[in-house]
Amino acid sequence: MSELSILGVMKAIVPITRFNKGEANRIFDEVEAGGTKVVMKNNRPACVLMSPSQYESLMEMLSDYIMQEEAENRMVYYNPKESLSHEDMMRELDITEEELDGIEVEIE
């Protein structure tokens, strides 16, 4: 909740002039220690700085959200009568269980 306070917002703002003065390493240390920073150029947000782990976490959440939306959209039009059983699909693709036994699949 502190990120939403006025003080939190003020601490997150970084003027571009700090980069121009050679303070990039210090700014990166601040991002690592305190979280996201918004770089301002001509009084407008120019970019957002965050740690790689925070970026990765956001991308994973976005990916999960997109997959959930896709699943929900598919369920709207799901018709069990149009579905194939596992056995029917294997027959249609001409695949046997023995052929699949040697294949490793990693699911995240």
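Which residue takes a positive phi in the hairpin of β2 and β3?

## Basis of the model

The model is predicted, so that local features need pLDDT of at least 70 and side-chain atom pairs count only at pLDDT 80 or more, while totals for chains, interfaces and linings use all residues. Residues are numbered from 1 along each chain as its sequence is written, and side-chain values use heavy atoms, with hydrogens and water left out.

## Strand pairing

Strand β2 (residues 37–41) and strand β3 (residues 44–49) run antiparallel and are joined by five bridges; strands here are DSSP runs of E with at least two residues, and two of them pair if DSSP finds at least two bridges between them. Valine 38 has valine 48 of β3 as its bridge partner, and methionine 40 stands opposite proline 45 in β3. In the hairpin, which has two residues between the strands, asparagine 42 takes the positive phi, near 55°.

On β2 there is also a parallel pairing, with strand β1 (residues 13–15), made by three bridges, in which valine 14 stands opposite valine 39.

## Negative surface patch

Glu87, Asp94, Glu97, Glu98, Glu99 and Asp101 gather in a surface patch of negative charge, where a patch takes residues with over 30% relative accessible area and no salt bridge, like charges being joined within 9 Å. A salt bridge is a side-chain nitrogen of Lys or Arg within 4 Å of a carboxyl oxygen of Asp or Glu. Helix α6 (residues 97–101) gives the largest share, four residues, helices being DSSP runs of H or I with at least four residues. Aspartate 94 lies in the loop between α5 (86–93) and α6, and it is exposed (over 50%) because its relative accessible area is 66%, computed by the Shrake-Rupley method with a 1.4 Å probe.

Methods. Patch = residues over 30% accessible without salt bridge, like charges linked within 9 Å, V, L, I, M, F, W, Y side chains within 5 Å. Lys, Arg positive; Asp, Glu negative; His and termini not counted. Charge placed at Lys NZ, Arg CZ, Asp CG, Glu CD. Buried < 20%, exposed > 50% of the residue type's maximum accessible area, 1.4 Å probe, protein only.
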